[in-house]
Amino acid sequence: MNTNMFCSFYVSEAHLVTMLLPYMKQKMEEEYDVYPFFEKDLNNIAHRIIDSITSVEEKTNLRKIEWKNNKIKLNKKRKKLIVIMGTEEYIKKKKKDLEEQLNNEDIVIECFEFCQTQEKIKEILDTHSKIINTKGEVLKEELFTQFTQKAEKDNKEITIMK
């Protein structure tokens with residue numbers, strides 16, 4: 001698969017939605033179709049967060065996103081942002097189901113619950129080119145370099161990804 005493979009780590013469902021919304025909004029403005037595939041239904045959480053946004057136009061556009069999508073048929077001709085959240089098994093299965101419908105300019109974000117995957121972070125990062133966080137797309141090397149420099153500055157001994 002030549003698709004852009006990104007990852008994201010979250011601590012709660014509300015954290016995930018809050019982190020993804022600005023990125024999804026940006027990609028919608030860039031004319032990407034947004035397809036979230038979530039093992040859990042996040043519609044209630046997402047709509048509560050979206051409703052706190054002041055702009056009526058933003059609310060309307062973001063409310064169009066279905067936060068528990070099971071449709072496997074994608075528009076192959078358009079750019080796509082695919083967001084997959086669930087167990088590692090769910091993510092692997094969904095990615096395999098979608099594989100033939102993806103193009104080079106598409107973006108797939110695999111979202112992992114931090115507490116369930118903290119032992120495998122290095123392995124996960126090795127298969128992804130960027131991380132999506134509250135800043136948007138961040139190169140993994142850039143993110144971990146900043147983290148290491150801050151730890152060194154604060155005189156903390158820290159080991160990141162042996």
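## A walk through the predicted fold

Among contacts in the protein (heavy atoms within 4.5 Å) between residues at least 6 apart in sequence, 73% join residues at least 24 apart. The model is a predicted one, in which local features need pLDDT of at least 70 and side-chain atom pairs count only at pLDDT 80 or more, whereas totals for chains, interfaces and linings use all residues. Residues are numbered from 1 along each chain as its sequence is written, and side-chain values use heavy atoms, with hydrogens and water left out.

The protein has seven helices and six strands, these being DSSP runs numbered from the N terminus, with helices (H or I) of at least four residues and strands (E) of at least two. Read along the sequence, they follow the pattern β-α-β-α-α-β-α-β-α-α-β-β-α. Of the 162 residues of the protein, 42% count as buried, where buried means under 20% relative accessible area, exposed over 50%, and partly exposed in between, with a 1.4 Å probe and protein chains only. The accessible surface comes to about 9,800 Å², of which 48% belongs to carbon and sulfur atoms; such areas come from the Shrake-Rupley method with a 1.4 Å probe, and for residues only the protein chains shown count as cover.

Helix H1 (residues 13-29) and helix H3 (residues 56-63) pack at an angle of about 90 degrees, with their axes 11 Å apart; the axes are lines fitted to C-alpha atoms, for helices over the stretch in contact, and angles run from 0 to 180 degrees between N-to-C directions. That angle makes H1 roughly perpendicular to H3, given that angles under 35 degrees count as roughly parallel, over 145 as roughly antiparallel, 65 to 115 as roughly perpendicular and the rest as oblique. H1 contributes Leu-21, Lys-25 and Met-28 to the contact, and H3 contributes Glu-58, Asn-61 and Leu-62. These residues divide into three nonpolar, one polar and two charged, on a scheme in which Ala, Val, Leu, Ile, Met, Phe, Trp, Tyr, Cys and Pro count as nonpolar, Asp, Glu, Lys and Arg as charged, and the others, Gly among them, as polar.

Helix H4 (residues 88-98) has Tyr-90, Ile-91, Lys-94 and Leu-98 as its buried residues. Seen down the axis of H4, these fall within an arc of 100 degrees, so they line one face of the helix; the arc is that of the directions from the helix axis to the C-beta atoms. The buried residues of H4 pack against strand S2 (33-38), strand S3 (80-85) and strand S4 (107-113), while the face turned away from the buried side carries the exposed residues Glu-89, Lys-92, Lys-93 and Lys-96.

Lys-80 is found in strand S3 and counts as buried at 0% relative accessibility. Leaving out residues up to four places away in sequence, Lys-80 touches Tyr-32, Asp-33, Tyr-35, Leu-74, Asn-75, Gln-101, Leu-102, Asn-103, Asp-106 and Ile-107. Glu-110 has its place in strand S4 and, at 4% relative accessibility, counts as buried; apart from neighbours within four places in sequence, Glu-110 is in contact with Met-5, Phe-6, Cys-7, Ser-8, Ile-84, Ile-91, Lys-95 and His-128.

Glu-31 lies in the loop between H1 and S2 and counts as exposed at 54% relative accessibility. Most residues other than glycine have a negative phi, but Glu-31 has a positive phi of about 65 degrees although it is not a glycine. Glu-31 and Lys-80 are 49 residues apart in sequence and 8.6 Å apart in space, C-alpha to C-alpha.

Thr-3, in the segment before strand S1 (4-10), is buried, with a relative accessible area of 9%. Thr-3 and Glu-99 are 96 residues apart in sequence and 9.0 Å apart in space, C-alpha to C-alpha.
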